[in-house]
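Me: I'm new to protein structures and would like to learn to read this one. Could we go through it with a few questions and answers?

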Amino acid sequence: MKNIYLVGMPSSGKSTLGKELAKNIGYSFMDMDKLIETREQKTVSEIFSNFGEAHFREIEKKTLRGFQPDQSMVIATGGGVPCFNDNMDFIKDNGVSIFLNVDVNDLAKRLYKAQGNNRPLLDKSQSEEVVIATIKKTFDERLPFYQKADIQVDGEITVSQLLWLLDQYLPV
């Protein structure tokens, strides 16, 4: 069965929705950032700090290409995955892609309120206004990649609504 790739900004709900979706359809679930952290024995932020973004994006590319087509997996990609190394082309060639399009202001609130500073491109020591502006800028840069997804979901969605949308992409 085709893999399902969830794309979107950090805190858009990829992991939360992905786990629930996988459970409902009998697929395995994988969070790419968690997989990378386990393999590298460092957090994403540590990889960024110690080795730079280019190195991290190369690890993401290798991790993504390690997923074989038709593994019956729901994969929550990192927020930047679709935007580098022709990764969105790989995703579209090897499964069904779903863009979780959450309002930028909602994302900013979720990210700003999140515990810890585990987002490598987000400096929570800055004011909330600066953080929101950074998120908006990043979202605007990534949007053209996200919009290549097979399915775009705007705002909140339930798993049953998502299953209805996926119906045409997955065999019965």
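Me: Which helix holds Thr 63, and is Thr 63 buried or exposed?
Reply: This is a predicted model, where local features need pLDDT of at least 70, side-chain atom pairs count only at pLDDT 80 or more, and totals for chains, interfaces and linings use all residues. Residues are numbered from 1 along each chain as its sequence is written, and side-chain values use heavy atoms, with hydrogens and water left out. Thr 63 lies in helix H4 (helices are DSSP runs of H or I with at least four residues, strands are runs of E with at least two, and both are numbered from the N terminus). Its relative accessible area is 5%, and buried means under 20%, exposed over 50% and partly exposed in between, with a 1.4 Å probe and protein chains only, so Thr 63 is buried.

Me: Which residues does Thr 63 touch, not counting residues up to four places away in sequence?
Reply: Contact means heavy atoms within 4.5 Å. With residues up to four places away in sequence not counted, Thr 63 touches Met 32, Leu 35, Ile 36 and Arg 39.

Me: Which residues of helix H3 are buried, and what arc do they cover?
Reply: H3 spans residues 44-51, and its buried residues are Val 44, Ser 45, Ile 47 and Phe 48. They lie on the same side of H3 because, going by the directions from the helix axis to the C-beta atoms, they cover an arc of only 165 degrees.

Me: How are the rings of Phe 48 and Phe 56 arranged: stacked, edge-to-face or tilted?
Reply: Rings of Phe, Tyr and Trp (its six-membered ring) pair if their centres lie within 6.5 Å; planes under 30 degrees apart are stacked, over 60 edge-to-face, and the rest tilted. The structure holds 2 aromatic pairs. In the pair of Phe 48 and Phe 56, the centres are 5.0 Å apart and the planes stand at 45 degrees, so the pair is tilted.

Me: What is the strand order of the open sheet, and which strands are at its edges?
Reply: Two strands pair if DSSP finds at least two bridges between them. The sheet has 5 strands with parallel pairing, in the order S2-S3-S1-S4-S5. Each edge strand pairs on one side only, and these are S2 (28-31) and S5.

Me: Which residues of strand S5 are on its covered face, and which one stands opposite Leu 100?
Reply: S5 (residues 151-154) has an uncovered face with Gln 152 and Asp 154, while Ile 151 and Val 153 make up the covered face. S5 pairs with strand S4 (residues 95-101) over 4 bridges in the parallel sense. Opposite Leu 100 stands Val 153.

Me: Where does Ser 15 lie, and which residues is it in contact with beyond its neighbours within four places in sequence?
Reply: Ser 15 lies in helix H1 (residues 14-25) and, at 22% relative accessibility, counts as partly exposed. Leaving aside neighbours within four places in sequence, its contacts are Phe 29, Asp 31 and Ala 76.
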